[in-house]
Amino acid sequence: MAVLTIRNLHVSVEGKEILKGVDLEVKGGEIHAIMGPNGTGKSTLASAIMGHPKYEVTEGEITLDGQNVLEMEVDERARAGLFLAMQYPSEISGVTNADFLRAAINARLGEGNEISLMKFIRKLDEKMAFLEMNPDMAHRYLNEGFSGGEKKRNEILQLMMLEPKIAILDEIDSGLDIDALKIVAKGVNEMRSSEFGCLIITHYQRLLNYITPDYVHVMMQGRIVKSGGPELAQRLEAEGYDWIKKELGIEDETVGQEA
Amino acid sequence: MATETKIPFDETYIRTFSSGHGEPDWLTARRLEALELAERLPLPKPEKTKIDKWNFTEFARHTVDSAPYDGLDDLPEAVKALIEAGEGTKNLYVQRNHTSAYVSLSDELKEKGVIFTDIFTAAREHGDLLKNYFMTAVKPDEHRLAALHAALLNGGVFVYVPKNVEIETPLQAVYIQDEDDIALFNHVIVVAEDNSRVVFVENYISASGEGKAVANVVAEVFAQANARVFFAAVDHLAKGTTTYVNRRGIAGRDGRIEWALGLMNDGNTVSENITRLVGDGSFGDTKTVAVSRGEQVQNFTTSVIHYGKHTEGSILKHGVVRDSATSIFNGIGKIEHGASKSNAEQESRVLMLSEKARGDANPILLIDEDDVMAGHAASVGRVDPIQLYYLMSRGIPRRDAERLIIHGFLAPVVEAIPIEGVKNQLIEVIERKVQS
């Protein structure tokens with residue numbers, strides 16, 4: 001069973017500290033949700049775990065099954081079993097979705113173990129049908145000209161094709177209408193197993209109506225300030241964040257403000 | 001003049017050469033006029049590249065007699081790879097150095113009056129027709145290289161598609177150079193008469209080493225009223241070959257000319273591609289991709305000139321530069337006075353793969369009419385680190401991710417190539433040029 005462990009993580013962007021000591025453990029079979037208002041460091045956590053070039057880890061550690069993730073290149077992290085569904089997926093002109101996915105799968109399988117073309121096509125067709133995607137999208141250039149919803153669905157397609165041990169979904173629900181949201185949730189639920197752990201980053205409780213988390217964490221000022229079960233998300237939906245701020249004596253929840 | 005270059009071949013030589021090919025008098029006369037021009041005209045001046053020290057005139061042999069190929073089986077592997085078996089062999093021209101080495105044209109097209117033959121045969125058998133087009137889009141008095149080309153013409157192909165004839169499958173030409181120290185003055189003419197349609201695909205390949213060679217190539221394309229010409233080319237001449245290549249098109253009323261050019265030479269190259277939209281409602285689309293490596297210096301000028309009303313022109317240029325190579329991309333959209341309701345668009349992008357590489361994208365719009373639309377985008381930069389991050393976050397190693405991005409960047413021409421073998425060859429050439 002996979003375990004992603006984050007200890008005392010401090011992360012800076014362009015010299016400014018955004019994360020100020022995050023502790024979190026995500027195990028295979030668990031779904032965690034990180035909630036919190038804008039500007040509290042949620043997406044920074046996602047990017048730092050994956051190794052975005054702009055984010056600098058200044059302190060703390062991240063391990064996956066005991067291996068030091070921070071020493072790995074971005075591609076090594078992915079091959080070790082991490083996946084990040086990005087908030088703003090890149091558009092890559094001239095590279096078809098299918099060619100890209102096959103390259104990604106083969107990179108995982110390694111030389112000599114490449115997936116056969118037939119098997120690949122079967123799997124791709126099956127997952128695209130499951131996500132109710134137009135088959136044409138396999139042959140379109142990666143994310144180029146995709147609508148916001150198509151891009152998010154395409155991120156979930158990649159998740160299902162690559163079958164990581166631990167996935168981080170960074171605001172996968174933003175900009176989605178309810179139908180698209182249900183499909184994205186369907187994809188994530190399909191992945192649920194003891195072999196798959198997931199960290200969902202979101203502003204809104206809405207997504208959690210369709211994917212029931214095991215743990216809910218609230219992030220403010222670059223730290224996890226409260227953790228609980230699914231009932232915590234429901235209370236946030238009903239009452240907002242003010243009660244937490246009051247409870248913890250926080251005036252401004254965004255990064256850079258101290259209690 | 002900066003350098004006084006003596007043309008290595010004189011009037012007597014040209015007369016003998018011309019009569020040896022049984023050329024009509026008008027062609028001999030044009031050669032001699034051009035020779036005289038070549039001696040006094042200056043070199044062309046491609047924007048931002050100095051070419052006055054380049055070798056355009058030194059070569060040991062002007063022409064060599066090569067053996068034709070006995071049949072399709074006898075073609076070199078490099079040529080076979082470019083051709084699709086079956087349909088693809090029906091309309092094919094293979095030129096070995098200066099010799100027409102394999103030609104086929106289907107009976108169906110012959111019956112429709114299509115001409116597809118080497119330039120010498122065209123001069124002998126269709127002289128009056130050829131005369132109307134030869135060196136009319138590119139004129140010998142433009143500069144020394146154009147004059148030299150007309151004087152020393154020693155290869156090429158003539159494509160003529162009569163009125164209302166639409167050809168579905170591509171006509172394919174392959175020019176293979178398998179000897180060093182020669183010069184190729186190749187001339188290609190594609191004429192599409194009213195309402196006709198043709199797809200022409202050409203390849204320049206070197207099977208020789210890296211000896212000094214010169215290529216001085218002119219292609220003239222004529223799309224007459226409502227005719228459509230799709231012209232695809234992959235140039236891949238060896239490192240020792242200095243190339244001047246000028247591809248020019250003239251579109252008549254509602255005529256369409258589309259270019260897809262993969263400029264992959266390994267030697268110093270000046271490439272000029274001009275489309276003149278003369279007729280009202282004509283259309284020109286030109287896509288160019290290029291890779292420069294080593295110490296190579298290359299200059300690519302693409303221009304679409306609007307004369308007719310309601311004309312549409314678009315230029316796309318994507319270049320990759322690595323090592324210490326230099327690539328200059330000049331894109332010129334020109335709208336003449338009177339060409340109202342016309343639209344000139346262009347996009348030039350250069351991807352630099354090393355510190356020492358030099359690349360330049362110069363978009364130029366020259367507009368002499370008020371009622372028009374025009375736009376341009378240009379960029380010179382490195383592989384986008386965020387794109388790299390995205391691909392790598394799926395497990396793709398950095399090198400492979402870069403490779404994918406570069407192939408994607410050059411895809412606009414690759415995807416437009418209508419013959420699978422030629423497309424694959426272009427992909428392989430790109431792969432080699434980018435990786436090694």
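1. A residue is called buried if 20 or more other C-beta atoms lie within 10 Å of its own, exposed if 12 or fewer, and partly exposed in between, with C-beta atoms placed from the backbone. By that criterion, buried residues make up 53% of the 436 residues in chain B.

2. This is a predicted model, in which local features need pLDDT of at least 70 and side-chain atom pairs count only at pLDDT 80 or more, while totals for chains, interfaces and linings use all residues. Residues are numbered from 1 along each chain as its sequence is written, and chains are lettered from A in the order in which they are written.

3. Chain B has 10 helices and 20 strands (DSSP runs, H or I of at least four residues for helices and E of at least two for strands, numbered from the N terminus). The radius of gyration of chain B, 21 Å, is close to the 22 Å of the globule rule for 436 residues, so chain B is as compact as a globular protein of that length (taken over C-alpha atoms; the rule is 2.2 Å times the number of residues to the power 0.38).

4. The contact between the chains takes 22 residues from chain A and 19 residues from chain B, where contact requires C-beta atoms, placed from the backbone, within 7 Å. On the side of chain A that touches chain B, α2 (74-80), α3 (97-109) and α5 each supply at least two residues, and α3(A) gives the most, with five residues.

Notes. Contact = placed C-beta atoms within 7 Å.
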